[in-house]
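Good morning, colleagues. Please look at the sequence and the structure as they come up on the screen.

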Amino acid sequence: MPPRLVSADVYRGIVMFLLMAEGLHLADVAAARPSEGIWAAIAHHQEHVEWVGCTIHDMIQPSFSFLVGVALPFSIAARRGRGQSTGRMTLHAFWRSLVLVAIGVFLRSSRKTQTNFTFEDTLSQIGLGYGLLFLLGLRSTRDHWIAFGVILLGYWLAFALYSPGPVFDAAAWGVAADWPHNATGFAAHWNKNANLATAFDHWFLGLFPYSSAYPFSSGGYVTLSFIPTLATMILGLIAGGVLHSADRSDTVKLQTLIVLAVPLTLLGWGLGQAGLCPVVKRIWTPSWVLFSGGLCLLTLALLYLTIDIWGLRRLVFPFVVIGMNSIAAYCLTGQLAPYIDKNLATHFGTAPFAILGPELTVTLRRTAVILVLWLILFWMYRRRLFLRV
């Protein structure tokens, strides 16, 4: 059995660290220090783009989803090595799907007055497709590519054939008429809240107990994104199959990842530029799958080269601690971080965190929060306590 893929742990740890760092409020620092352009540049990549395009922050969810697929060939091999039957593994996969969806709903319901039945959370999106991903994991690479292509083409065609109607009132769906990201022409099929997936949510989420009929997502996020998210996970499954294979050298594995990454990235970007399918993360367009998936492949290739081939592991150990307990890190960030932040302010006040100026007070305190979270994860790592589903 191949050794553990440390590069995947590190990649996962980097992704979760970026999520933890979301609360550093660097946009406020950039506004307070407009003459220091570095803060504006960093802050830009800590925010999602409004619609079309990509920042580093936009790559968190596709990377996390991609890595689920990368890990699957290793997981299946390990379970088979322990003598588990295919039936037992399949039951576990669908149970895991259910639990991931439930955790996602739970996290979205925090500090709400009732259960918030929405399914755009990262864990819910992964859970909705994980059972199918596992079944594909039992099949050949050829079937993986066929499923990948069918999902992207089918999802693109469904959006292309849908029209909100000639009297569609964009303002009633939370989109200003002069919003600069409203596309015209063929690309308008993927406009915010004027697309097939939003129409589906207006019906589907309206079946759940809301105080009134479900209107729309203010951010444009949709439940049906789990379908192209499955394609992202399949791309990870293909990459994981390459890295898990025993009949390829490290060099060939690296070359394969790069050969896949470059054309996928360029194709996704090209489809957006041609107006055939905008690159939109919020509704996970097929072009977004290709573009972000190519970047995920390139990132994995770089980490595989430096960590698994060259063996440069010591400097990345902090990310290993986070990456090996990624679900715990995800949940702690959402649920425990506000509590830690509040108590740091209560017990230490603002003075210790104001040493670099008042505009950096919150940022330094949130940095301390990240450190506390990491120490909790390190304690869990030392005691081999890993939250798995």
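How much space lies in the second largest pocket? The answer, for this predicted model, is about 1000 Å³. I shall begin with that pocket, continue with the other spaces, and then turn to helix packing.

The second largest pocket has a lining of 40 residues, and those that lie nearest its centre are Arg 4, Arg 12, Ala 71, Ser 75 and Arg 388. Several helices supply at least two lining residues each, namely α1, α4, α5, α6 (122-137) and α13. Helix α4 gives the largest share of this lining, with 12 residues. By class, the lining of the second largest pocket holds 27 nonpolar, 6 polar and 7 charged residues.

Let us now turn to the largest pocket. Its volume is about 1400 Å³. The elements giving two or more residues to the lining of the largest pocket are α1 (6-20), α4, α5 (86-108), α13 (326-335), α14 (337-348) and α15 (361-382). In all, 46 residues line the largest pocket, and Glu 22, Leu 107, Arg 108, Asp 121 and Tyr 330 lie nearest its centre. The lining of the largest pocket divides into 17 nonpolar, 18 polar and 11 charged residues.

About 50 Å³ of space lies in the largest cavity. Its lining consists of Gln 61, Glu 120, Gln 125, Tyr 221, Val 222, Ser 225, Lys 281, Arg 282 and Trp 284. Sorted by class, the lining of the largest cavity has 3 nonpolar, 3 polar and 3 charged residues.

At what angle do the axes of helix α4 and helix α11 cross? Helix α4 spans residues 60-81 and helix α11 spans residues 286-309; their axes come within 10 Å and cross at roughly 65 degrees. Angles of 65 to 115 degrees count as roughly perpendicular, so α4 is roughly perpendicular to α11. The crossing in which α4 passes α11 is right-handed. On the α4 side, the contact involves Pro 62, Ser 63, Phe 66 and Val 70, and these meet Trp 288, Ser 292, Cys 296, Leu 297 and Leu 300 in α11. The residues of this contact comprise 7 nonpolar, 2 polar and no charged.

Helix α11 also packs with helix α10, which covers residues 250-273, at an angle of about 155 degrees and with the axes 7 Å apart. Because angles over 145 degrees count as roughly antiparallel, α10 is roughly antiparallel to α11. Here α10 passes α11 in a left-handed crossing. The contact of α10 with α11 has 20 nonpolar, 4 polar and 2 charged residues.

Finally, consider helix α7 (residues 141-161) and helix α9 (residues 226-244), which pack at about 155 degrees with their axes 9 Å apart. That angle makes α7 roughly antiparallel to α9. Their crossing is left-handed. From α7, the residues His 144, Trp 145, Ala 147, Phe 148, Ile 151, Leu 152 and Tyr 155 meet Ile 227, Pro 228, Leu 230, Ala 231, Ile 234, Leu 235, Leu 237 and Ile 238 in α9. By class, the contact of α7 with α9 has 14 nonpolar residues, 1 polar and no charged.

Thank you for your attention.

Conventions
Residues numbered from 1 in each chain as written. Predicted model: local features only at pLDDT ≥ 70, side-chain atom pairs only at ≥ 80, totals over all residues. Heavy atoms only, no water. Axes fitted to C-alpha atoms, helices over the stretch in contact; angles between N-to-C directions. Helix = DSSP H or I, 4+ residues; strand = E, 2+ residues; numbered from the N terminus. Parallel < 35°, antiparallel > 145°, perpendicular 65-115°, else oblique. Left-handed = near helix turned anticlockwise from the far one by under 90°. Contact = heavy atoms within 4.5 Å. Nonpolar A, V, L, I, M, F, W, Y, C, P; charged D, E, K, R; others polar. 1 Å grid on protein atoms, 1.4 Å probe; cavity = no way out; pocket = protein on both sides within 12 Å on 5 of 7 lines; lining within 4 Å. Points joined across faces, edges and corners; volume = space filled by probe spheres on them.
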